[in-house]
Amino acid sequence: MCMYLLKMAGVPYLLLLVSLFLSVSSIAAESEWVDAALKLLVEGNKAMQVAEVGKLEEAIESYRNGVETLPTACDKKMDKKQAQIILSLHTQLGQALMYAGELQEAIDSFRSACICQREWSEGGKNEALNQVASKAYFSLGMAYQEAASSATDEGKQREQLELSVRAYGHATKLDPLYWSSYANLGVILADVGQDRNGNKAKSLEMYEEGILAYQKAIDILTGADGSNSIPTDPPENVREVVAELQYRIGLCLVPSLFFPESDKETDDNYSERECTLTIDSKPIKRSCLELAAYQFNKAAQYDALHVGAQNALVMVTADASFGMSTNVKKVEALFEDYASNFESSLVDELGYNAFHRMRRGFDRALAQENAAEGKKFRKVVDVGCGTGLAGVEFRNISQTLIGVDISPSIIEHAKTKRPGLYDSFQTGDIKLLLRDYAKHPISLFVAADTLIYFNDLTDLFTSMKVGIEDGGYAVFSLENVSEESEARLNAIVPQWRWQLTPSGRVAHRKEYVEDIAEANGFETVLYDKLDNFRAEKGEGVRGHLFVLRKDSSLRNDEL
């Protein structure tokens, strides 16, 4: 097997394989020139298999001598075995010349094989020779690809790219299971990022077409095409190759984010622009950034060591303005469906314990504040109350305890599971409900694992400063990013504020929360880490605990 390494734009190499040593064992000598040509083909192949100085030149000489023994014309009367020898010699010579840096001679040799294939296809031999001929077209596509990368004239560059597309197209028609032809076709159509010299990658910038080509390669490698056939020249590292292809689809969805000196206005539009992507055989329409995040996460699932996918995921999910957190109806629908299994799933399956730790943290904060022992709060609102897990913890310091949730079904479960725990209930968007408390503000705001469905906290804190009384408190938990993600975010997006996680929840940065709290008249009385407050796929999730106090020296109309 010959391993052709094509430098992708500023990202890991994609290993594309081409079968170099075409089978010659079944070819029998049936004409005067066949014996000599077959012998020279075998000699050239043996030389190519030996990684020694001078062997490449020896292989080229054998292949050239073999080509010289061939008939001058592609006679349609030749049988399959004779045609195989002719195609193999031209293709092998082209491969050896490419290795030697003789690009134009290599192109000429591949074209000779392709011209013969077209002649013979008219004679009915196309099916028998398709697999061999597809290698010639694939190799021709690579040669044009290489020519485009070295072209300095933009017109010449585009011409070579278009010729490469045609060659790969022929290869896929001759062999529909030739995954690497589709993969390389995707690169020509839609490579993204930087080339080996740090310049913008050379491609035809046909991103939708590129996505289709990459997806076809994935379908062949994963069996999603429904053919149940073995891919042509399957790679040993299938998961790594599929991860790279998934990653490249993500790049095609938001290409200018990864261009050198990209246009910021264009970048910003990706959160508003919609793209369509076929997922599980269904066309899905979402913001381009959201679909790109899906692809980068999928790539990381196939290959956890894919640095490009991990970094790209950070770029598109840092301070993301898309996802469930931007749609109240989606959150409501989630918990309506989740209502009957809410508590057992959260506590028994995910090991959720934030509500216990929130109460202990709040007691420590009150002790630091020298609050009177046994102090009770006039009006306590448990935001995202669920079935009452946090309500149980804060009931004994509440004169009036109100349960608020976006899901009417979960509130009904709370009434059944813990009757009498809450004095009253409300359903709706907490930002709007908080504003309704302006005339009769609340004294304690409790939110256990609720604010993880908000990305930008600006509107929420604006409502909190209206709905919480002067000197009142807010205690809440938030999700934090993993240590690995935190390091990536700090390196790639130093001023990040939150990150949309693969679960659809939002992880917030400690400094961001403290800054926005201060800007709205809240002082951070206590901060504590909430590591392992819940499990996600068997791994502990990092979190934050905040206890804030609203500055009693400020009135709402001054904030």
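I looked up the Cys74–Cys116 disulfide (a pair of cysteine sulfur atoms within 2.5 Å) and found a torsion of about -50° about its S-S bond, so the disulfide is left-handed. Its S to S distance is 1.8 Å. Cys74 sits in the loop between α2 (55-68) and α3 (80-99) and Cys116 in helix α4 (residues 103-121), so the pair ties together parts 42 residues apart in sequence. Helices (H or I, at least four residues) and strands (E, at least two) are DSSP runs, numbered from the N terminus. Cys116 counts as buried at 5% relative accessibility; buried means under 20% relative accessible area, with a 1.4 Å probe and protein chains only.

I noted that this is a predicted model, where local features need pLDDT of at least 70, side-chain atom pairs count only at pLDDT 80 or more, and totals for chains, interfaces and linings use all residues. Residues are numbered from 1 along each chain as its sequence is written, and side-chain values use heavy atoms, leaving out hydrogens and water.

Next I checked Cys275 and Cys288, whose sulfur atoms are 2.0 Å apart in a disulfide. The torsion about their S-S bond is about 85°, so this disulfide is right-handed. Cys275 is in strand β3 (residues 274-279) and Cys288 in helix α11 (residues 288-302), 13 residues apart. Cys275 is buried at 12% relative accessibility, and Cys288 is buried at 0%.

Cys114 is buried, with a relative accessible area of 2%.

Technical notes: Buried < 20%, exposed > 50% of the residue type's maximum accessible area, 1.4 Å probe, protein only.
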